[in-house]
Amino acid sequence: MLSSLLEFWKRDEETAPNLFAWQTSPPRAANTHPFPDDVPGPLRAALSSRNISLLYSHQLTAWTHARTHRNVILSTGTASGKTLAYNLPVIAKLIQDSQARALYLFPTKALAQDQLSSLNNLQPETFNLKPAIYDGDTPQSQRPSIRKTARIVLTNPDMLHTGILPHHANWSDFFTSLKFIVIDETHTYRGVFGSHVANVIRRLKRVAGFYGSAPKFILASATIGNPKELAETLIEEPVELVDNDGSARGERHFIIYNPPVLNAALGLRKSSILEAVRLANNLLSHDIQSVVFARTRRSVEILLTYLQGNRDQGMGNRNPQTDYSPFPILSPAIRGYRSGYLPHQRREIEQGLRDGSVKTVVATNALELGIDIGGLGAALMVGYPGTIASARQQAGRAGRGDAPAVSILIASPNPLDQFLAHHPEYFFERSPEMALVNPNHLLILLEHLRCAMFELPFQKEENFGSLSWELIEEYLRFLLSNHEAHLSNDKYFWMQDAYPAANISLRSASPQSIVLQSMTEDGRPLTVGTVDGESANWMVHPGAIYMHEAQQYYVRELDLEKHIAHLAPAGLDYYTEAQQQSEIQITELRAQTAVPGGNKSQGEIQVTTQVVGFRKIRWFTNENLGQEPLDLPPSDLQTTGYWLTLSESALKNLRDAGMWTNDPNDYGPDWQKIRLAVRKRDGFKCQVCGAAETNREHDVHHKIPFRAFLSGSAISPDVAMQSRETLRSVESAREQANRLENLTTLCHTCHRKVEQNVRIRSGLTGLGFVLGNLAPLFLMCDTGDLGVFSEPAWHAVGGLPSVVLYDLIPAGIGFSERLFELHDELIRRARELVSECACEDGCPSCVGPGGENGHGGKAETLAILKQLGSPTRNAL
């Protein structure tokens with residue numbers, strides 16, 4: 001089936017020209033071994049009942065290390081049998097020692113449910129294992145029994161942090177007999193979350209040690225650049241890396257597909273979503289089970305709606321508040337999967353994927369994690385997921401044993417996607433990214449020392465993880481001076497009433513979730529799903545079309561005080577797109593120092609984001625049907641930031657050298673007349689989608705970018721100060737740029753798409769890109785822990801160009817202070833990285849790519865870095 005489809009795509013005139021790269025990996029035979037002699041007989045029998053009579057090489061290696069009391073990190077491909085690799089030594093130990101216990105940690109509740117099913121398949125009652133989940137959803141009535149009798153407890157770091165460790169006395173029997181700790185999906189424990197989890201593990205080992213146990217660790221990870229380093233940082237013990245993947249693998253195809261160009265003059269390509277629908281339908285018609293990965297929840301629902309194909313084109317005149325016709329799900333074989341779906345819906349979809357009744361699932365990266373959904377025949381990625389590691393994890397969802405499989409990356413118009421489409425070697429040859437954590441970050445460490453002291457008093461000379469007593473004592477004396485601790489008989493006791501873990505979020509979670517509620521036909525409330533509080537304003541604002549498994553709901557009301565959104569089923573010919581505005585204000589300047597080329601500063605900032613309106617977008621044509629204003633409260637993030645501001649003299653130097661493209665374009669004194677002439681010539685209609693002007697004038701777009709004509713002209717905002725020769729050069733360039741044949745009329749939506757294609761990345765944007773990607777290496781955090789803001793005329797600093805890097809954690813956790821200290825080193829390393837990069841004009845490894853037909857701004861970024869000087873090297 002798959003082979004015939006692949007051959008069809010190679011010949012198909014609609015598909016073949018858009019196959020920009022096609023890499024084929026040959027099939028690989030399984031590397032198997034007989035069961036070791038020390039596998040207990042009952043366990044052999046249970047495995048044989050599931051037709052498992054051999055072990056893959058990596059499973060045998062993990063078994064050998066675990067049986068010789070070594071810690072293990074498994075880093076093999078998706079669906080390679082990592083679960084069995086860690087279950088075997090754990091179950092064997094529990095069979096041979098009737099008192100032994102094990103703790104399994106998963107990053108999500110869904111994974112714990114899934115792995116409980118895997119354990120149950122091994123007939124745990126035969127071995128008296130009594131596996132049980134202990135998390136926030138566990139009924140209170142069942143918890144005492146689980147604490148007393150369960151021999152394998154499955155939980156998550158959050159529950160361990162707040163519900164188990166602070167109450168360890170209730171778990172004394174469990175901790176006394178704890179032999180193994182399994183940490184699955186280890187690659188997710190990075191950045192701030194991973195730094196918190198590393199400290200939770202320190203506390204776990206401390207409590208276990210108090211009860212006389214020293215459990216061994218088995219960790220499992222997707223493919224990342226540093227699995228052994230990450231594991232050893234998390235558990236602070238030596239770890240054996242097992243990456244000799246012995247699982248069988250069929251032929252694997254990886255295709256980079258770039259949608260066809262629709263308008264060569266403007267460089268517009270066909271929608272990646274519509275192309276994904278076409279390719280997914282090809283797979284469905286060939287009976288190939290597949291997953292379609294989308295980057296956002298809204299994209300999931302749009303794809304799902306198109307795939308269901310149930311769209312009545314004649315509903316545009318209906319009143320959404322009174323006239324609605326709910327769409328039934330026509331095909332249970334096509335389902336969605338994302339956050340916001342209720343747990344029972346997710347379990348139903350997962351089961352459908354395993355038993356084959358669900359043929360196509362459209363998902364966010366929620367399905368990247370190791371939930372058992374069987375091996376699929378194909379994986380489509382609608383847009384690059386952001387990292388090579390994530391792309392490989394998503395691609396790994398395709399593949400079932402020896403059967404061939406295909407993964408397709410469908411490039412979006414995003415410059416990063418277009419760079420990969422035109423330079424596929426970057427994707428295929430580059431190593432996966434590293435996962436970074438910093439458990440010794442001052443504020444994170446201090447929070448967990450409070451928790452640890454609540455759990456057990458600190459004794460003199462006691463270490464905390466790998467940290468020495470001398471360092472720990474400094475922190476304890478700080479807590480003592482702050483009246484949070486009490487020193488008695490060489491022991492530090494917790495003195496506050498509340499237990500500290502309750503106020504510390506490992507993930508810095510969003511505010512309370514919003515419940516989405518509709519009504520049944522008989523008037524009873526029906527919970528449709530949930531959205532997190534941060535997303536509510538843009539997902540379920542009044543008038544929004546919320547989509548859930550391809551069913552449309554019209555949002556009648558959003559009640560933020562009661563945390564509920566009232567929905568009504570609807571059937572409309574459009575969906576909605578929220579419009580947001582963001583700005584950053586300085587609330588407290590803590591430090592500022594002059595540096596070459598400007599100032600470095602750090603302090604407290606307020607990042608304000610507000611949904612100010614929404615657009616109605618017609619299905620299939622993407623026509624803009626109009627926009628409506630909204631008056632919703634803004635959401636504020638109070639945090640800390642580090643910012644770099646260019647001086648007036650540096651700015652003048654850049655302008656004089658023709659290396660500054662952020663000034664507003666001066667189209668000349670006749671521009672308004674030219675605009676009117678172009679719009680009149682084009683019948684006041686968008687030349688891409690055909691939309692007529694309404695209350696907003698259409699834009700007039702330069703097919704060849706205006707700035708491209710001016711490169712080398714060194715235009716200054718004060719044209720009068722330039723020489724006549726330069727002025728004539730500017731006027732000539734302006735005349736050439738404003739020729740009518742170089743101008744076309746576009747609506748705002750199409751204009752934005754075209755600008756993305758021909759984007760000329762400014763040097764300031766490039767500087768923000770490179771600093772934002774370098775900073776995590778200095779901070780040992782994840783890129784998702786930092787926000788980046790580039791503004792050529794930031795009002796907060798008198799309209800000067802600035803780049804801001806800020807903590808995405810409320811109140812900050814010290815990243816900005818550290819960046820302020822590291823400024824010289826950061827700039828020096830950035831200049832090295834950009835100047836040594838082999839690309840011509842910007843790429844994802846340095847300043848970021850420009851649009852497909854635009855310019856990357858590498859020279860301009862390098863010019864800015866030179867203005868910022870070449871400081872001497874500082875120690876990290």
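1. Does Leu-6 count as buried or exposed? Leu-6 counts as buried, at 5% relative accessibility; buried means under 20% relative accessible area, exposed over 50% and partly exposed in between, with a 1.4 Å probe and protein chains only.

2. This is a predicted model, in which local features need pLDDT of at least 70 and side-chain atom pairs count only at pLDDT 80 or more, while totals for chains, interfaces and linings use all residues. Residues are numbered from 1 along each chain as its sequence is written, and side-chain values use heavy atoms, with hydrogens and water left out.

3. Leu-6 is placed in helix 1 (residues 2-11). Helices (H or I, at least four residues) and strands (E, at least two) are DSSP runs, numbered from the N terminus. Leaving aside neighbours within four places in sequence, Leu-6 is in contact with Trp-22, His-253, Ile-255 and Val-406, where contact means heavy atoms within 4.5 Å. Leu-6 and Ile-52 are 46 residues apart in sequence and 33 Å apart in space, C-alpha to C-alpha.

4. Rings of Phe, Tyr and Trp (its six-membered ring) pair if their centres lie within 6.5 Å; planes under 30 degrees apart count as stacked, over 60 as edge-to-face and the rest as tilted. The count by this rule is 21 aromatic pairs. One of them, Tyr-134 with Trp-171, is edge-to-face, with 4.8 Å centre to centre and 85 degrees between the planes. Tyr-134 lies in the loop between strand 6 (131-133) and helix 7 (143-149), and Trp-171 in the loop between helix 8 (157-164) and helix 9 (172-176), so the pair ties together parts that are 37 residues apart in sequence. Tyr-134 is buried, at 2% relative accessible area, and Trp-171 is buried at 1%.

5. Two charged residues sit over rings: Arg-206 over the face of Phe-458, at 3.9 Å from the ring centre, and Lys-600 over the face of Phe-820, at 4.3 Å. The rule asks for NZ of Lys or CZ of Arg within 6 Å of the ring centre and within 35 degrees of the ring normal.

6. Helix 4 (residues 82-96) is largely enclosed by the rest of the structure, because 11 of its 15 residues are buried. Among them are Lys-82, Tyr-86, Asn-87 and Pro-89.

7. Three strands form an open sheet in the order 19-21-20, with antiparallel pairing; two strands pair if DSSP finds at least two bridges between them. The edge strands are strand 19 (458-459) and strand 20 (485-488), each pairing on one side only. Strand 19 is joined to strand 21 (residues 491-494) by 2 bridges, and Gln-459 has Lys-491 in strand 21 as its bridge partner.

8. A second open sheet has 5 strands in the order 23-22-26-25-24, with mixed pairing. Strand 23 (525-531) and strand 24 (545-548) stand at the edges with a single partner strand each, so one side of each is left without a neighbour in the sheet. Strand 22 (residues 514-519) and strand 26 (residues 564-570) run parallel and are joined by 3 bridges. Gln-517 has His-566 in strand 26 as its bridge partner.
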